[in-house]
Amino acid sequence: MNPIVIYTDGACKGNPGPGGWGALLQSGGTEKELFGGERETTNNRMELMAVIEALRALKRPCAVTLNVDSQYVLKGMTEWLPGWKAKGWKTSTKQPVKNVDLWQALDELVNRSGHKIEWRWVRGHNGDVGNERADVLANKGVDVAMGRLAPPV
């Protein structure tokens, strides 16, 4: 399996409000930057979209080191997901899981992709070069959502 390192981040100007997601993919000596946004969204949705779009960009099964600064995404994927699924996508307090559409999409993507994923948490805005670059990309995504920047081709 090809090893790949991914850094993801989400941004939102207001919560809800215009938001963006960004992802930096590194493999060997090559890098790929991805970003996008939505006019009315939340920070958690953008954090999830960053991971979804990064994994969708991979064309074959890879050994992925996935760096996120979102405890929501990390705990969702490494702790909460089995319980949500067992309870019919309800939380421990029997409330519907927020962002269930994105959680289901991410769950399916992870399970069908063949990727071996190591989930890692990095402290945001703390000098980690990959995380800082993902943050810049997420803010570019906000600019796309606001019409200040053309979407990437």
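The largest nonpolar core holds 35 residues, and those with the most contacts inside it are Ile6, Leu25, Leu55, Leu66, Trp103, Leu106 and Trp119. A nonpolar core is a set of buried Ala, Val, Leu, Ile, Met, Phe, Trp, Tyr and Cys residues joined through side-chain atoms within 4.5 Å. Buried means under 20% relative accessible area, with a 1.4 Å probe and protein chains only.

Helix 1 supplies the largest share, eight residues. A second, separate core has six residues, among them Leu24, Phe35, Ala134 and Val144.

The model is predicted: local features need pLDDT of at least 70 and side-chain atom pairs pLDDT 80 or more, while totals for chains, interfaces and linings use all residues. Residues are numbered from 1 along each chain as its sequence is written, and side-chain values use heavy atoms, without hydrogens and water.

Leaving out residues up to four places away in sequence, Trp103 touches Leu48, Tyr72, Val73, Gly76, Met77, Trp84, Trp89, Val97 and Lys98 (contact: heavy atoms within 4.5 Å).

Four helices and five strands make up the elements of the protein, in the order β-β-β-α-β-α-α-β-α from the N terminus. Of the 153 residues, 48% are buried. The C-alpha trace spans about 40 × 40 × 30 Å along its principal axes.

Note on methods
Helix = DSSP H or I, 4+ residues; strand = E, 2+ residues; numbered from the N terminus. Buried < 20%, exposed > 50% of the residue type's maximum accessible area, 1.4 Å probe, protein only.
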